[in-house]
Amino acid sequence: MRNQRKSSASLILGVLLLAMVGGVAYLYNSSLFERIPPSIVLEKEIDWNLKEPIVVHVKDNRGLRFVRATLSDGEKNAVLESREFKILEESVDLNLTFPRTGFGANKKVFELTVEATDASKWNFFEGNSFVAKSVIKVDTRRPELAIIGSSYKIMKGGAASVVFKAEDDAMKALYIETNFGKKFYPTPFYKNGYYVSLVAWPSRAENFSASIVAIDKAGNISKAHIPYFLQDKKYKTSTIALQDKFLDGKIADLTAEVAPENNGLEHLKKFKFVNEDLRIGNENNILKVTSNVPTQMINDFAVKTFYPLRNGKVVASFGDYRFYEYDKVPVSESYHLGLDLASNAQAGMQTSNDGVVVFARENGIYGNNIIISHGLGVYSLYGHCSSYLVKEGDVVKAGDVIAKTGMTGLALGDHLHFGMYVQGIDVRPEEWMDESWLKDNIFSIMNSAKKIIDR
Ligand SMILES: [Zn+2]
């Protein structure tokens, strides 16, 4: 009897113990007692112009009970926001603004502390807490921006230069924005805080305007319009009647060479493929290699006039707008982005300036195609070559013979297609072949700027 009582007592004890363990395990695993602290999205360092609030995202799966944001200037604290939630919130955005009480006047660096506690019963019913901190640098000053000098004018299809000063302790972005969406990037020039850039007005853009834009890390923006005089230029429009001989000759051959899968196309479709699809791909290849702008500081940009082909006669101009017809029916159109020069067959062509060969390969309508980088985002291009005398990566010197003229690609006779590019935009080669243009738009602008900088 006694034994029976004893064993039933231990049974009850055992059941109780099990229930307790089970209960604790249940609570330990229940969402009521979850142990995941809230998350706070806050960058370690924030540059703040005080115009826009600092937005802090606070989240907790169980629900937030309390959040607080405090700003400290090293001596005093200011509570920017303190909220207790009667109805639990899973996520809260704090929009913090700077106190208007005179707190932190004359101070530039602060520490922001954001604390959050969730509604869990864990931690003796205190809940889980998380604290995030950020160093806040208050910067309400716009970058300093001043134009030192610029070309007097820019011609439609041409280029121009600008030298300017841009300074900020925390510069984030510096570029020249245009009315046609293109951004030009400047190169550090002569002394710290000074920059030079070339800009280009595409021959297909009706209008041109350019402004320097400087943005600091706090989001303060300075802009300076570059006051170029705009010189319009009319480019030639011509209509070309397509001949069977050309379609079944050059066009068929070029298609067979670069896209044999299109051999079966009807001859006008073949022409459209070459003049449109192939051309776009080829021009994109050129855009890719000619868009790079060196970022190392330069002291000058002493380019000589380009004279790529001795006694080269101009056989087609830059900017020509060509319409193609077959039996008086319009078929296709294109722009001519270079200057065609012809002398003898397989004449040697030279680079007139030092540079690096950044492209030397077959490029569809441009045939065997060489592109040389001369610095400051300036590139020269040579198309239809019959042979290469340089390869990609070669460093070339002014006067080096780089290739022989030919008729590879979309060329009917032996000639050189000579192109000039400024940060990816095709520009009038004539300007770069003109000594007085170079003097007025590059040397004198940079030299007078240096004198002003030295003052
Ligand atoms: Zn050409």
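Which residue is the bridge partner of L145 in β9? The bridge partner of L145 is A166. This report places that pair in its sheet and then describes the rest of the chain.

The structure is a predicted model, in which local features need pLDDT of at least 70 and side-chain atom pairs count only at pLDDT 80 or more, while totals for chains, interfaces and linings use all residues. Residues are numbered from 1 along each chain as its sequence is written.

## Domains

The protein chain is divided into domain 1 (36-138), domain 2 (144-233) and domain 3 (237-423); these bounds come from an automatic or database domain assignment. Between the C-alpha centres of domain 2 and domain 3 the distance is 29 Å. Twelve residues from domain 2 and 14 residues from domain 3 make up the contact, where two residues are in contact if their C-beta atoms, placed from the backbone, lie within 7 Å. On the side of domain 2 that touches domain 3, β12 (187-188) and β13 (194-200) are the elements that give two or more residues. Helices (H or I, at least four residues) and strands (E, at least two) are DSSP runs, numbered from the N terminus. That side of domain 2 consists of eight nonpolar residues, three polar and one charged. In this count Ala, Val, Leu, Ile, Met, Phe, Trp, Tyr, Cys and Pro are nonpolar, Asp, Glu, Lys and Arg are charged, and the others, Gly among them, are polar.

## Sheets and strand pairs

Two strands pair if DSSP finds at least two bridges between them. An open sheet of four strands runs in the order β7-β9-β13-β12, with antiparallel pairing. Its edges are β7 (144-150) and β12, each with a single partner strand, so one side of each has no neighbour in the sheet. The pair of L145 and A166 belongs here, as the table shows.

| Strand pair | Sense | Bridges |
|---|---|---|
| β7 and β9 (159-167) | antiparallel | six bridges |
| β17 and β19 | parallel | five bridges |
| β2 (45-48) and β6 (129-138) | parallel | four bridges |
| β5 (109-118) and β6 | antiparallel | nine bridges |

Within β6, V135 stands opposite E45, and S134 stands opposite L112. In β19, the bridge partner of T237 is Y321. Strand β17 (residues 237-241) has five residues, of which the number buried is zero, so it lies largely in the open. A residue is buried if 20 or more other C-beta atoms lie within 10 Å of its own, exposed if 12 or fewer, and partly exposed in between, with C-beta atoms placed from the backbone.

Helix α2 (residues 244-258) has 15 residues, which at 1.5 Å a residue should span 21 Å; its end C-alpha atoms are 20 Å apart, in agreement. The expected span of a helix is 1.5 Å times one less than its number of residues. At A252, α2 bends by about 30°, the bend being the angle between axes fitted to the seven residues ending there and the seven starting there. I251, L254 and T255 are buried in α2, and what covers them includes α3 (267-290).

For α3, 24 residues should span 34 Å, and the end C-alpha atoms are 33 Å apart, which agrees. A kink of about 35° is centred on R279. The buried residues of α3 are K270, F271, V274, N275, L278, N282, I286 and T290. Their cover includes α2, β19 (321-326), β20 (329-335), β24 (368-375), β25 (378-385) and β29 (416-422).

## Individual residues

N311 is placed in the loop between α3 and β18 (313-316); it counts as exposed because it has 9 C-beta neighbours inside 10 Å. Q346 is placed in the loop between β21 (339-342) and β22 (348-350) and is partly exposed, with 14 other C-beta atoms within 10 Å.

G22 lies in helix α1 (residues 2-29). With 10 other C-beta atoms within 10 Å, G22 is exposed. The C-alpha atoms of G22 and E435 are separated by 92 Å, and these residues are 413 residues apart along the chain.
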